[in-house]
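Dear colleague,

Here is the model I said I would pass on. Please look it over before reading the notes under it.

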Number of protein chains: 2
Amino acid sequence: MPITTCVFDAYGTLFDVAAAARQAAAEPDFPQLQGTWATLAANWRQKQIQYTWLRAVTGAHTDFWEVTQNGLDWSLEAAGLAGDDALRERLLALYWELQAYPEVPAMLTALKEAGFNTAILSNGSPGMLEGCVQSAGVGAVLDDLLSVESVGVFKPHSSVYDLVGKRFDCASSEVLFVSSNGWDAAAASGYGFETVWVNRAGEPMDRLPWTPQHVLNDLTTIPDIAKG
Amino acid sequence: MPITTCVFDAYGTLFDVAAAARQAAAEPDFPQLQGTWATLAANWRQKQIQYTWLRAVTGAHTDFWEVTQNGLDWSLEAAGLAGDDALRERLLALYWELQAYPEVPAMLTALKEAGFNTAILSNGSPGMLEGCVQSAGVGAVLDDLLSVESVGVFKPHSSVYDLVGKRFDCASSEVLFVSSNGWDAAAASGYGFETVWVNRAGEPMDRLPWTPQHVLNDLTTIPDIAKG
């Protein structure tokens, strides 16, 4: 079946999750991030994602804004910065308006001009997603922002991937799903989507029971892949 | 209720998961591990655990020996050592006979002499657990080795913690559960066990909805905690 619908993970895929710590480190108020921001950003992301998986396994769902704060608090403590409330507030504010990767607007515009359905499918809460989409100015080229909040469990639970077919009334084989998270792309392959793993960092492929069909360094050629 | 039953996580808690890579690095056959073994061991552990969570969320269970190999293969590739079959085989053989932490035999012996039930509750397959227990010589002071294989899902799914009450016919409040994995200790607290987090590395506490009651640097004082 030809692809009709292109669906993107948000954090790490369209939006650069390291941007919050990198940007704060460039501001004069936060010299404590000099030399530490990259580790802080990596720990923040790792703990945030770990907590989503652990909550999915135990059925203890909460919204992504809470686990984002939980991950940050762990990471600030690990960096010796627990209790630095000004830094914490600034990082959280920046997370609400993360930078999109530079190729994102043109890529999404090309998909819309070619007639594809376009959407985000994300762990993020609706408010977080609206914040990033607005800040990146890509709201007009996305048909919908699908959040796990409507099913109450995080990725990669299959209920999350179900949201796409329900919203666009399409078969899983008509969906091109794009994620920078290898595990997300892999699980979406297992679900039945055609998938792209955007592997900007050149990491090894995760050893899971499913394999993404495409591996790219960035998002530039997504419209070509969608057209088949 | 007084504690009647002391249950231990295996990997990282009784057995040192970094021992395989550290020991291989000390052998003349594997100079490629000089300066790299600690990162290899950390990646191996991290990917192994990630894959258990992802398989638990998606219902794609397999046994722990497979995810142990999957995690190692990712880590060997990340270290530029993919295809080094002699090293791979040696690391896997060492994982089957991991060293116990030095205080383990005396601690378990003290618990048995005081009349407590003792057991392992682990993601490990029965064969893996028997291998490590035999190698550490602690089989006589453990009443049972409980493996997730009997329920077909990894920690921290509640079905795993259910195994303890079923085996020892005891209430969850009679169980002291000990893990070096903060998320395992936290989830077991949520389940209703009294819990100890063995935090050898001095890491920040995980920000999850549950908190372990005790935090220790090693296992030495477990018998005192069990006696209350």
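Predicted model: local features only at pLDDT ≥ 70, side-chain atom pairs only at ≥ 80, totals over all residues.

Interface. Between them, chain A and chain B bury about 2,700 Å², with 67% of it on carbon and sulfur atoms. Of the area that chain B buries against chain A, 26% is supplied by L54(B), V57(B) and R207(B), more than any other three residues. Each chain puts residues into the contact: 29 from chain A and 29 from chain B.

The polar side of the interface comes to eleven residue pairs in polar contact, counting pairs with both residues at pLDDT 80 or more. Four salt bridges cross between the chains; one of them joins the side chains of R207(A) and E77(B), at 2.9 Å from N to O.

On the side of chain B that touches chain A, at least two residues each come from α2 (37-58), α3 (64-78) and α8 (182-191). The largest share, ten residues, is from α2(B). By type, that side of chain B has 17 nonpolar, five polar and seven charged residues.

Helix α5 of chain B (residues 104-113). V104(B), M107(B), L108(B) and L111(B) are buried. These residues lie on the same side of α5(B), because the arc they cover around the axis is only 95°. Their cover includes β1 (5-8), β2 (117-122) and α9 (222-227) of chain B. Exposed residues A106(B) and E113(B) sit on the face of α5(B) turned away from the buried side. Just after the helix, G115(B) has a positive phi of about 95°.

Regards

Note on methods
Residues numbered from 1 in each chain as written. Chains lettered and ligands numbered in written order. Heavy atoms only, no water. Contact = heavy atoms within 4.5 Å. Buried area = accessible area lost by both parts, 1.4 Å probe. Polar contact = N/O pair within 3.5 Å; in protein donor to acceptor, adjacent residues only side chain to side chain. Helix = DSSP H or I, 4+ residues; strand = E, 2+ residues; numbered from the N terminus. Nonpolar A, V, L, I, M, F, W, Y, C, P; charged D, E, K, R; others polar. Buried < 20%, exposed > 50% of the residue type's maximum accessible area, 1.4 Å probe, protein only. Arc of directions from axis to C-beta.
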